[in-house]
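Reader: Could you help me learn how to read helices and strands in a model like this one?

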Amino acid sequence: MSIDESTVRAVLGLARLELPGSSAGGPNEEENRRAVEVMVDEFSKIVDYMAILGEADVEGIEPLYSPMIDPQPPRPDEPVADPAKSEAILKEAPELVGRYFSVPRIF
Amino acid sequence: MTELWRLDLGQATLGLSSRRFSATELVSSALERIRETEPLIGACLAVLEEQALARARELDEAGYDETKPLWGLPIAVKDVFCLAGPPTTAGSKILANYHPVFEAAVVRKLKEAGAVIVAKTNCDEFAMGSSTEFSAFGPTKNPWRLDRVPGGSSGGAAASVAAFQTAGGLGTDTGGSIRQPAALCGCFGLKPTYGRVSRYGIVAYGSSFDQAGPLARNVDDLARLLTVIAGPDGRDSTASSREVPDYRRLDPVKPNELTLGLPKELWSADFEPEVAKILAEAKERIAAAGATLKEVSLPNLRFSVATYYILAAAEASTNLARYDGVRYGFRDGEENELVALYRNSRTKAMGAEVKRRIMLGAFVLSSGYYDAYFRKAAQVRRLIWQDYSKALEQCDLLLAPVSSILAWPFGAFTADPLKVYQLDMMTLPLNLVGAPGLSLPAGLSESGLPTGLQLMGRAFEEPRLLAAAKALEGVLPPVGAPSFRST
């Protein structure tokens, strides 16, 4: 097994995800413990499988990041004023303060 | 006028153009069929009844317009395409109430061609899955056997078309998500060349893989739909401006004019016996019709599952970073710290499979692992691309199975995510190389389930693909209509 719990915790941090049930705590501790073990085990199996790429001979091979053949020029960067759209966009926000998206204080 | 829902797109167009029935009658019939079959299969996340009827009446008032190739035709689209009306959820709780302010390019094109969007179909959350079991809103059932999955991720679209709810639907294919459910539900599905169709307004999963395409009950109808949705819209820089041919008017090809390459790595997979039997019979029929079948090799194919899952997960983790509970979508309102707000909103509203792929993506992109996984996978992707190009130097198109097993019982693999990834082995290579592919029914098993074959071609050779598929369609046994058996 190449992956341990601390690696999984680090990856969860990068992914902006929590361990299952970690914010609940308390009475479900045993359940949470089990959920963490399952996650480490699953993730480990997946990463171990990916090690098959070690057998590929890629000496001198350029990476292929996109199969795009006919790239198009980007469109001009022109701001568009559409008040109706702004209203519709703001309507989607879970929390607003006036016309601003609201987040918890950061300092 | 009864049972208009039985008509395919071509037949319905004939009826509409000769004024045998109206768009309103046709759309009403589709809505009735949806009402009747939805309790059995659950293919739709939203039925746009009022919107669709209003649109149909509008079309009828204006009168039939032969310049609009899909005039009056009811179409269902996978719930990853943004459009006004019901929420665009992508099968996720995090977007359960999301109303996009823009419309997907392909939806706009469908509407401009006169189509009437009648439903938004179910899918695995963010199109990540092969069974539709990962939809946050419950699974769709296979219309052939209600105890079986319809495949995925466009399982709702495939089940809907197979159940005659509509004669045509749109899905997306990132690693097989059109072709595999089409095969498991006994309909036709086309994944166009990467860049043939604009991705504007499609909820993104893997941006160098995602491509929208049609599902239908015959090859001609795929061509009708592709002719409408292909081409750039000026808002997706990866969409090609190459001329879009009229795919409906192709020079026919006879089976005996075809040389088809059979990738031995795909044909030697471990097949479920009933699948092996159908495939062997199908191959015999194709050979008997005069096609030349030739073994070819894709030597690096054994790396395709690892390559795909590393690259697609990396792209997914980047694309899905936008769901943070701030600007739209679900927010965990209890948090009073910013990063905790992100983490809890995402953790509470995303499903296990989506989290797994985001984690895998974050892992392979992280410092220390980037070269060994992400860059290496991109290099292997080029090897697979080279294999694919080389194989196609020896034949017109490749012919391969779509799935090694029949539609499986619900829950069969949910505890083993890696096994499900490996099941995608037949379909992923095409997305890695960005080429077009078409899945068509190959026959029915004794247990009453369909499976499929796929044709794969070179980039932008959809005309050849469609013409060859049409030739094979006449050779392979039609699967007919599903029975909605419960077991």
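Author: Happy to! Angles between axes under 35 degrees count as roughly parallel, over 145 as roughly antiparallel, 65 to 115 as roughly perpendicular and the rest as oblique. Axes are lines fitted to C-alpha atoms, for helices over the stretch in contact, with angles running from 0 to 180 degrees between N-to-C directions. This is a predicted model, where local features need pLDDT of at least 70 and side-chain atom pairs count only at pLDDT 80 or more, while totals for chains, interfaces and linings use all residues. Residues are numbered from 1 along each chain as its sequence is written, chains are lettered from A and ligands numbered from 1 in the order in which they are written, and side-chain values use heavy atoms, without hydrogens and water.

Reader: At what angle do helix α7 and helix α16 of chain B cross?

Author: Helices (H or I, at least four residues) and strands (E, at least two) are DSSP runs, numbered from the N terminus. The axes of α7 (residues 219-229) and α16 (residues 462-473) of chain B cross at roughly 160 degrees and come within 9 Å. α7(B) and α16(B) are therefore roughly antiparallel to each other.

Reader: Which strands pair with β11(B)?

Author: Two strands pair if DSSP finds at least two bridges between them. Strand β9(B) runs antiparallel to β11(B), joined by 4 bridges, with L399(B) partnering L455(B). Strand β10(B) also pairs with β11(B) in the antiparallel sense, over 7 bridges, and P441(B) stands opposite G452(B).
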